[in-house]
Amino acid sequence: MSGVTTATNTRELAHPARDEIRLEGILHALSDPMRMRVVRALATTEGELSCSYFVLPVTKSTTTHHFRVLRESGVIRQVYRGTAKMNGLRRDDLDALFPGLLDSVLDAAARQAERLGDGA
């Protein structure tokens with residue numbers, strides 16, 4: 001992703017600036033069920049959740065990939081707090097750029113999960 005800011009050291013993670021976030025990147029990131037599961041969990045908290053909070057039915061490397069896609073698309077912000085990598089939803093940025101999009105997608109995902117009996 002060309003608009004991703006580079007990290008200055010290994011403890012900083014690259015994130016796109018608000019004006020670099022693109023709709024197609026957001027939609028791609030949210031199109032995967034595992035990434036949607038992460039976003040739905042983050043949407044239920046005001047703070048941050050560690051990567052270890054999420055138990056996804058995929059390998060650790062695949063989980064890492066999913067978090068990277070979410071971060072590089074601008075959906076989440078990841079920061080190190082001690083040894084933990086913490087994740088937070090970039091709701092303010094997403095709501096400013098695409099008003100109502102995140103809430104609509106989260107609502108649709110919740111309705112789908114209810115309809116399919118999928119608690120994920």
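This is a predicted model: local features need pLDDT of at least 70, side-chain atom pairs count only at pLDDT 80 or more; totals for chains, interfaces and linings use all residues.
Let me start with helix α5, residues 101–116. Now the buried side. L102, L106, A109 and A113 are buried in α5. They cover an arc of only 60° around the axis, which puts them on the same side of the helix. What do the buried residues pack against? They pack against α2 (33–43), β3 (84–89) and α4 (91–97). On the face turned away from that buried side sit E114 and R115, both exposed. After the helix comes G117, with a positive phi near 70°.

Next, helix α3, residues 60–73. It has 14 residues. From first C-alpha to last, α3 reaches 20 Å, close to the 20 Å expected at 1.5 Å a residue. Its buried residues are T63, H66, F67, V69, L70, R71 and S73. They pack against α1 (23–30), α2, β2 (76–81) and β3. Just after α3, G74 also needs a look: its phi is positive, about 95°.

Stay with R71. This arginine is buried, yet it has no salt bridge. The nearest side chain of opposite charge is E72, 4.3 Å away. What does the R71 side chain make a polar contact with? The side chain of Q78, at 2.8 Å. Leaving aside neighbours within four places in sequence, R71 touches L13, A14, H15, P16, I76 and Q78.

E72 does have a partner. Its side chain meets R68 in a salt bridge, 3.6 Å from N to O. Both lie in α3, 4 residues apart, about one turn of the helix. R68 counts as partly exposed, at 35% relative accessibility. E72 is partly exposed too, at 22%.

On to the other salt bridges. The count comes to 8. R81 and E48 form one of them, at 2.9 Å, N to O. That pair links distant parts of the chain: R81 is in strand β2, E48 in the loop between α2 and β1 (49–50), 33 residues apart. R81 is partly exposed at 48% relative accessibility, and E48 is partly exposed at 31%.

D107 is partly exposed, with a relative accessible area of 41%. Elsewhere, salt bridges that share partners join R18, R90 and D93 into one network.

Note on methods:
Residues are numbered from 1 along each chain as its sequence is written. Side-chain values use heavy atoms; hydrogens and water are left out. Helices (H or I, at least four residues) and strands (E, at least two) are DSSP runs, numbered from the N terminus. The expected span of a helix is 1.5 Å times one less than its number of residues. Buried means under 20% relative accessible area, exposed over 50%, partly exposed in between (1.4 Å probe, protein chains only). The arc is that of the directions from the helix axis to the C-beta atoms. Contact means heavy atoms within 4.5 Å. Lys and Arg count as positive and Asp and Glu as negative; His and the chain ends are not counted. A salt bridge is a side-chain nitrogen of Lys or Arg within 4 Å of a carboxyl oxygen of Asp or Glu. A polar contact is a pair of N or O atoms within 3.5 Å; within protein, one must be able to donate a hydrogen and the other to accept it, and residues adjacent in sequence count only if both atoms are side-chain atoms.
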